[in-house]
Amino acid sequence: MDANIGDPRLAPSVERAFEVNPLPGFWDQVTLRAIVIAAVLGVVFCFVALRIHMTAGLVPALNMPSSVLSFFFLKWTVALLKSCGIDKMSTRQENLFVLTSVSTCINMALCGGFATYVTAMTRPVAESLVDDPNPADIVDEVSTGKYMLFLLLIGLASVLVVLPFKQVCLIEYRLLYPTGTVAAHLLNSFHTPQGAYIAKLQIATLLKTFVGSLSWSVFQWFYTAGAECGFQSFPTFGLFLYKHRFYFDFSATYVGVGMICPHMVNLALLFGAIFSWGFLWPYIESKKGQWYHTDSPTSLTGSNGYKMHKNHVFIGVTMIITDGIFNFLTLFFTAAIDLYHKRQEQDSGMSHYITKHPSLNYDDRKRIELFLTSRIPLSIPVAAYIVLATICSFVIPWIFSHIEFYHVAVLYLVAPIFAFCNAYGVGLTDWSAAPTYGQFTIFVVAAWIAKPSAVVASLVAAGIALSAVHVSSQCMQDFKTGFMTLTSQYVMTTGQIFGVILCSIITPYIFHAFKETVKDEFPIGSKNSEYPCPYAGMYRAIGLIGMGGVKELPDHCFEFCTVAFLITVALDSLRLVSQRKGWTIQQYIPSMTAIAMPFFTGPFFTIGMCVGTLVMFIWNKMDSQSAEVLSSAVAAGLICGEGIFALPTALLSMFNVKPPICMKFLPSGAEVDVVDSFLRTLGTPVNS
């Protein structure tokens, strides 16, 4: 297959617009100001991403806001330095170094496990699934230094594992990597006059919504002096539905996330919330005394095993794993067939790619030439990966004694295969199957060990696999962006390594700050916590099933899971067939993973996300052009404004500064009379 993109004489050239400026050297791209800006944005976006991940479980793509903010801060720094007599303009390559560092930091933070496998090791999550969990399968605290080392090791291995595949994916197979391509177009446009104007418009909009969101978060804080106080506990649809977690919590974050997420994802989340908490759980609750008894509140197999945080977990696990495996197999066979066809082509050898493809336009020739001349020798990443994998095999068991060195060694032996498969799939579809790899690893390792400590060992293994597969695929997205912006591979790799180091240092402290803000009676990972970490219970549940088998499920749960499995396969099959046939119905088939998410968290966040969908629907009807240009900036401002307030909230909590007011809602009648009587006693003067 020829790589022709059209007649070279007719194709508009991006690189000719930058031809007047020589390519910057390494230290002109990796500048001190870029490192400082990357560090600041890394802290901000790690706060935001972790907060969303620990509350909703779903994290939207943050490439757009990080791209816009990196451009803004670089331009602001340039202007500041110019006022001091230092006139040095920023370049798209320097901008990309910032973006790559921030992106790697965010992805590494999400794979660090604070919302998933790390929280799944703790006692609150363990006790939400079984009575008297085995102490060997509980890890409540890991020293900050050890966890920094753990993140650093798995992060560096994740960056190195993908380096040998750059040329194969980007040049030989010409994979699109949609997110990386969009980021490249964005950066290229920012550094042209017209693109700079649009960027300024987006930045102004982002700053306005950021200030509004932050101000609203500050205002809400004053009314949250106690448990279930404030606007986030506002019974929007009445107290009865509030008890079933149906309410709008006035969170700007969820509205912003809803504006970014596709409409069908938001509606699927709402459907899952209504079905699980509106129909399924009330039905199971009505079977009290028939299917289960009430003497045990937490046992999986005991009398109250149908408690919603049990049965919902396993039905949701079934839906998510089935959906993930179905999509993974689809990607695997699609990639294998595509790979086979490309291998049959005569042009797969790339040593003389440019000369063998005279139809390539100027931009492609320029990019391929730089890519091939500045590539990193294959022996360097291969040798570094082998050394690092060896170190990990001995250091990680020292950090987590539950896992043996040979478990880690086997994981790093198969990691390159899984990383390449996932990176190839991401290049084709922009969809990462990393969570499925992580969940599959939990089950396999737990079944392999099958003794006390197996659950924690399997969760550690999931962290290794999740990081190796997901971070590596996102690094390949960055390399695609670098390829299209003429950025050196050495600069890209440096940015990724810096992002890993930055994440390893700041993320444990960010998590500690979140722990300081939660109430003692509702710790992180518990159902009623401010940070319920919906995936944590699911990850631990998979480990329990892997170690103990189906007998660990509550009565009738297997039947429910079987029905969930069949429905998921049927809907996924219908979607696949409709995509192949081009049927219109494909646009209206919901994601089963999205439907399953409220099973773990409750419906409250789905209301906010659907408000975001409603905002976008009305905005598109009124001014579709404005919505297309500015909607991402508005969403980013809403998300960042509320997300950044987590930092001052944590500081206030650490210094024992509490809000002055508790706004709480009570049903009319006797409860109001009791509260009024109590309040009148507080106002009565005390006689001395």
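Buried, on this tour, means under 20% relative accessible area. Keep that cut-off in mind and select Cys475: at 1% relative accessibility, it counts as buried. What you have open is a predicted model, so treat everything below as computed from that prediction.

**Stop one: the disulfide**

Next, select Cys229 and Cys662. A disulfide joins the two, with 1.8 Å from S to S, and the count for the model comes to one disulfide. In general, such a link is a covalent bond between the sulfur atoms of two cysteines. Now color the loops on either side. Cys229 sits in the loop between α10 (193-221) and α11 (239-243), while Cys662 sits in the loop between α28 (646-654) and α29 (670-683), so the pair ties together parts that are 433 residues apart in sequence. Zoom in on the sulfurs: the torsion about the S-S bond is about -55 degrees, so this disulfide is left-handed. Cys229 is buried, with a relative accessible area of 3%, whereas Cys662 is partly exposed at 38%.

**Stop two: helix α21**

Select residues 489-517, which make up helix α21. Its 29 residues reach 41 Å from the first C-alpha to the last, close to the 42 Å expected at 1.5 Å a residue. Where does α21 have a kink? Look at Ile506: the kink there is about 30 degrees, shortly before the proline Pro508. Then slide back to the start of the helix, where a side-chain oxygen of Ser488 comes to within 3.1 Å of the backbone nitrogen of Tyr490.

Now go back to Met54 and show its neighbors. Leaving out residues up to four places away in sequence, Met54 touches Ala115, Phe511, Phe514, Ile524, Tyr531, Pro532, Cys533 and Pro534. Click on Cys533 from that list: it is buried, with a relative accessible area of 1%.

**Last stop: Asp572**

Finally, select Asp572 in helix α23 (residues 557-581). Is Asp572 buried or exposed? Buried, with a relative accessible area of 1%. Show what surrounds Asp572: not counting residues up to four places away in sequence, it touches Thr322, Asp323, Phe326, Asn327 and Met592.

Notes
Residues numbered from 1 in each chain as written. Predicted model: local features only at pLDDT ≥ 70, side-chain atom pairs only at ≥ 80, totals over all residues. Heavy atoms only, no water. Helix = DSSP H or I, 4+ residues; strand = E, 2+ residues; numbered from the N terminus. Buried < 20%, exposed > 50% of the residue type's maximum accessible area, 1.4 Å probe, protein only. Contact = heavy atoms within 4.5 Å. Expected span 1.5 Å × (residues − 1). Bend = angle between axes of the 7 residues up to and from the residue. Polar contact = N/O pair within 3.5 Å; in protein donor to acceptor, adjacent residues only side chain to side chain. Disulfide = S-S within 2.5 Å.
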